[in-house]
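The following questions and answers concern the structure shown below.

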Amino acid sequence: MIRHAATLLFGLVALAGIYVLLLNLPHLMGGWFGLLGVLVLAVMPGYLNFPWLVAISGIAIFGIYRKLPGLTVAPLLFFAAWYCASVWNRHEFARDLDQSLASRPVPAELRSTRTLTIVGPGQPCCGSITLLVDHTIDSFVHAQTDKQGRVAAIHATQLAATKDCDADELLRSSQLRSSGRTNQCLKTTILAAIPDGLVIRTQPAEPLLGDGCCNSGTISIRQDGDERVAATWRYGRQTVLSYLPFLGNNPHPTPLWTYASVGPRQSIQVGGPAFSGEDLAAAVYGIDWKAPLKFVETSNVELSQRAQQLALTKNPFPALDIALQVQGSGYVDDELIGVAARFVQCCDDQKLYKFWARLNRDEKRKFVEDIIALISNPISDGSDHTQARFQIRMHREELTAYMPQAEAIFATRRDLQIWQYEMALRLAHDDQLRLGSENYLSEQQRRFRLVQDDASDAFTRRAIAFKRVYFFRRDEEREFFAHQLDRVPDKLLHDYLTAAGWNRNPDEKSVTTATSLLRQLAAVRIAAVPDEKLRRDLQEWFREFAGR
């Protein structure tokens with residue numbers, strides 16, 4: 001019996017010693033090793049649990065193998081004792097905790113207040129717009145604070161008619177437009193002082209690793225410049241003994257009785273979950289502050305017309321949101337398809353693919369016809385850096401009848417933008433060909449000849465578009481493009497060199513002779529750029545990628 005007790009005590013002492021050693025290992029190693037340990041702990045906070053579990057298993061297995069039951073049960077007793085201590089620690093903490101800290105009152109009469117002010121850093125979003133649109137409030141005021149907590153600027157936002165807002169205000173009203181409210185905007189004015197109404201204040205956030213109680217948030221009524229506190233919320237965090245002796249920490253505090261695989265201490269909430277000024281405002285007015293703005297209630301025909309109007313503005317992207325919403329309700333007309341087709345030249349590919357996938361066969365034909373009309377029009381919107389990455393699988397969609405028309409646009413037109421040539425090639429491309437296959441390379445060669453024979457000013461635009469679609473690099477193309485550098489406008493040099501085959505293909509183990517030629521001639525061409533800033537930017541780019 002004494003032998004069993006001795007081995008049990010030895011096992012408990014050994015486990016405690018190993019645990020303390022692992023807990024302090026990053027600090028004990030010191031120097032660079034210590035810094036490395038701290039960094040590893042930051043990236044993988046639970047990595048020390050692996051050697052800890054290995055040590056526990058080793059002691060238990062050794063006890064079984066040497067028939068020392070004291071060692072075998074030591075880990076179980078160690079964990080059981082730790083668990084009991086944790087439960088007692090939490091019980092004592094709960095007993096001493098002021099229960100009023102968990103109270104989060106919201107006086108119902110505050111909901112009728114028509115002016116809401118949130119005092120704090122950052123820019124609150126997005127419940128304020130919901131409150132304005134639903135006419136729950138007339139004005140939302142944000143009193144922005146600096147690092148010292150002092151009010152630095154006060155901005156009031158109200159709903160207004162589109163004609164009453166300037167270009168910047170219309171741009172900031174994109175949420176309204178995406179929800180179909182094209183006739184409204186958010187008008188912002190600067191105030192000298194916080195106006196009368198509901199005022200919400202919160203203390204600055206506590207330090208990242210700080211403990212203690214409590215941060216507070218106040219809901220006050222302001223009248224004639226004086227504020228009366230109507231409700232106070234509190235939040236803080238403390239640490240208690242973890243349920244089990246693991247290693248690590250939880251950056252997000254949990255409720256008192258919730259389990260977390262951390263140790264030796266567990267961070268817990270005091271007074272309920274953390275909150276912000278927006279959370280207090282949401283509680284007062286009974287909304288989900290982070291919920292997206294509800295779509296406007298009007299007819300699908302009207303929404304289609306609004307989308308058309310938006311598509312012609314300088315900020316057309318909300319038009320695609322409206323098109324998706326209307327399509328989701330089961331309504332699609334030719335005008336709506338035309339709106340979506342305009343976005344083949346933008347970066348919102350996923351939304352556009354979603355719209356495309358919902359179209360039936362006839363609607364997809366109309367979509368492609370609208371694209372062809374856009375890429376045939378030399379005055380369509382776009383710039384030298386606009387791209388058309390939207391890819392339609394013409395064979396699978398049974399739209400091959402449009403492929404010769406698209407190829408003819410690329411082959412014969414000399415007055416289009418890069419993205420228009422690019423989209424023409426994407427429509428003309430045979431999607432049944434596997435990348436790098438003989439037939440694929442044959443198609444690429446045929447299209448390359450169309451570029452090679454171009455002696456017009458459109459050569460550079462067509463060359464860039466060609467390589468955006470047929471990006472598999474070939475030395476014949478590299479060599480040809482290298483000798484055409486003098487035809488390339490300075491502003492398009494970067495795009496041209498990238499397209500021409502500056503970088504190696506994945507299967508090229510070293511830089512080919514043609515690639516070296518392209519890079520050598522490019523260095524000379526870049527040095528001749530008269531614009532100093534553009535030349536310096538190109539040379540920096542050249543040096544960065546010259547070894548690849």
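Q: How far apart are the sulfur atoms of the disulfide formed by Cys165 and Cys185?
A: This is a predicted model, in which local features need pLDDT of at least 70, side-chain atom pairs count only at pLDDT 80 or more, and totals for chains, interfaces and linings use all residues. Residues are numbered from 1 along each chain as its sequence is written, and side-chain values use heavy atoms, with hydrogens and water left out. A disulfide is a pair of cysteine sulfur atoms within 2.5 Å. For Cys165 and Cys185, the sulfur atoms lie at a separation of 1.8 Å.

Q: Where in the chain are Cys165 and Cys185?
A: The pair links distant parts of the chain, 20 residues apart. Cys165 is in the loop between β3 (151–161) and α7 (167–172), while Cys185 is in strand β4 (residues 184–190).

Q: Is Cys185 buried or exposed?
A: Buried means under 20% relative accessible area, exposed over 50%, and partly exposed in between (1.4 Å probe, protein chains only). The relative accessibility of Cys185 is 0%, so Cys185 is buried.

Q: Is Cys84 buried or exposed?
A: Cys84 has a relative accessible area of 52%. Cys84 is therefore exposed.

Q: How are helices α19 and α21 oriented to each other?
A: Helix α19 (residues 475–482) and helix α21 (residues 513–527) pack at an angle of about 20°, with their axes 8 Å apart. Angles under 35 degrees count as roughly parallel, over 145 as roughly antiparallel, 65 to 115 as roughly perpendicular and the rest as oblique. The orientation of α19 and α21 is therefore roughly parallel.

Key
Axes are lines fitted to C-alpha atoms, for helices over the stretch in contact, and angles run from 0 to 180 degrees between N-to-C directions. Helices (H or I, at least four residues) and strands (E, at least two) are DSSP runs, numbered from the N terminus.
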